[in-house]
Amino acid sequence: MKKYLAMALAALLLVCSMASCTNGLGGSIDEYAPEVDYLITDTGTFYFEEGDGETAILVKYVGKATSDDRVVIPATFGDRTVTAIGDEAFYNLAAIVEVTIPDTILDIGEYAFARCTELTEIVLPDSVLEIAEGAFIECTSLTKVTMSANILTIGEKAFYGCSALADIQLPEGLDVIGKGAFTSCRSLPALTVPASVTSIGEMAYTDCTGIEKITFGSGFTKIEAHAFEHADGTNLKDKFDLTGLADDCAVAVYVNALSDSPETEPVTEAVTDDE
C-alpha cells in the first residue's frame, strides 16, 4: 500500500512540475522569470516579454540570414502591442542591413542595435521618446538617421563610433544630449543644436573631425567639459557660429573660454532669464 501511495505522489509532483514550467507558444519560464514567447517569421525569430497592461517588449531577434537581413519588427504580438525594443535585442547582428520600426515603439533599450555594422539607415517613428545608452554604438556603416520629432533624450554613447553618420537632424523639443552621444562620428558635416536642448554631456561630440559649423538655437544650453574636442585635445573653437547670441550667455561664455591648446575645458552652468 505504501508503495502505491509513493508512486502516486511522485506522478502528481511530475505533473505539477510540467505545468509550472511551460508557457504559451513554447517559451520556458520559471516562477522568478518574466513570461517569454516567440514569433517565427520568414527571416528570423522574435522573442517577446509581457509588458505593462496589454503591451509586449521585443527582447531578442535571431535572424536566419548570413547577410542582407531586412528586418520588419511586428507592431503586435498576439493581442499585445509591441511598445519597446529591449536591451541588446539586436546586439552584434552584422547581417542586418535594414530595420523597419513600427510606430507603436516608445523606447529603444540600451545597446539595442549596438555593433550592427552593416546597418546603413534607420528611421525612428514619432512614437519614440528616448534613445537609451549605446543604442547604436559602433554601427560603422550607418549613414543616415531620421529622428523622431518627439525625442526628448539621446542617451550616453547612443551613436558612439558611428563613423559614417553624415545625415541626422536633431528635432525641436530635444532636451538632453548625453555623455559621449556622438563621439567619433567623424562624417558629420555640421551641427545645429535646437533651442530646446538644455544640456550637452561630456565628450558628446569629441573627435567629430568632419564638423565645419556649430550653431545654437539658444544660448542657455549647459555644456559639459570636452563636449567639443579633437582626439588630440584641441578644441573646435573656430567652428562655433555665435550669431544672434548675447555675449554673456552660457554658450558664448563657454566658447570664448575655450583654448586651442590641449587642456581641460570649462564647465558652464545653464542660465535663465532671471539671472
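Trainee: Is lysine 157 buried, partly exposed or exposed?

Mentor: Buried means under 20% relative accessible area, exposed means over 50%, and partly exposed lies in between (1.4 Å probe, protein chains only). Lysine 157 has a relative accessible area of 27%, so the residue is partly exposed. Please keep in mind that this is a predicted model, in which local features need pLDDT of at least 70, side-chain atom pairs count only at pLDDT 80 or more, and totals for chains, interfaces and linings use all residues. Residues are numbered from 1 along each chain as its sequence is written, and side-chain values use heavy atoms, with hydrogens and water left out.

Trainee: Which side chain meets that of lysine 157 in a salt bridge?

Mentor: A salt bridge is a side-chain nitrogen of Lys or Arg within 4 Å of a carboxyl oxygen of Asp or Glu. Here the partner of lysine 157 is glutamate 133, at 3.7 Å from N to O. The pair links distant parts of the chain, 24 residues apart: lysine 157 belongs to the loop between strand S12 (153–154) and S13, and glutamate 133 to the loop between S10 and S11. Helices (H or I, at least four residues) and strands (E, at least two) are DSSP runs, numbered from the N terminus. Glutamate 133 counts as partly exposed because its relative accessibility is 25%.

Trainee: What is in contact with alanine 132, leaving aside its neighbours within four places in sequence?

Mentor: Contact means heavy atoms within 4.5 Å. Alanine 132 touches Ile108, Gly109, Glu110, Gly155 and Ala158 in this sense. This alanine 132 is in the loop between strand S10 (130–131) and S11, and it counts as buried because its relative accessibility is 14%. From alanine 132 to glutamate 156 the C-alpha distance is 7.2 Å, although 24 residues separate them in sequence.

Trainee: How many salt bridges does a search of the whole structure find?

Mentor: The search finds nine. In one of them, arginine 186 and aspartate 207 meet through their side chains at 2.7 Å, N to O. Here, too, distant parts of the chain are linked, 21 residues apart: arginine 186 is in the loop between strand S14 (176–177) and strand S15 (190–193), while aspartate 207 is in the loop between S16 and S17. The two partners may be read by their accessible areas: arginine 186 is partly exposed because its value is 44%, whereas aspartate 207 is buried because its value is 9%.

Trainee: Which side chain does aspartate 241 meet in a salt bridge?

Mentor: That of lysine 213, at 3.6 Å from N to O. The two are 28 residues apart, aspartate 241 in strand S19 and lysine 213 in strand S17. Aspartate 241 is partly exposed, with a relative accessible area of 23%, and lysine 213 is partly exposed at 43%.

Trainee: How many aromatic pairs does the search find?

Mentor: Rings of Phe, Tyr and Trp (its six-membered ring) pair if their centres lie within 6.5 Å; planes under 30 degrees apart count as stacked, over 60 as edge-to-face and the rest as tilted. The search of the whole structure finds 13 such pairs. One of them is the stacked pair of tyrosine 205 and phenylalanine 228, with 5.5 Å centre to centre and 0° between the planes. Tyrosine 205 is in the loop between strand S16 (199–200) and strand S17 (213–216), and phenylalanine 228, 23 residues apart from it, is in the loop between S18 and S19. Both tyrosine 205 and phenylalanine 228 are buried.

Trainee: In what order do the three strands of the open sheet stand?

Mentor: Two strands pair if DSSP finds at least two bridges between them. The order is S9-S11-S13, with parallel pairing. Strand S9 (121–123) and strand S13 (167–168) each have a single partner strand at the edges, so one side of each lacks a neighbour in the sheet. Three bridges connect S9 with strand S11 (residues 144–146), and isoleucine 122 stands opposite valine 145 in S11.

Trainee: Are strand S2 and strand S3 paired in the parallel or the antiparallel sense?

Mentor: Strand S2 (residues 44–50) and strand S3 (residues 55–63) are antiparallel, with seven bridges. They form a hairpin with four residues between them, and glycine 53 in the turn has a positive phi of about 60°. Phenylalanine 46 stands opposite tyrosine 61 in S3, and phenylalanine 48 has leucine 58 as its bridge partner.
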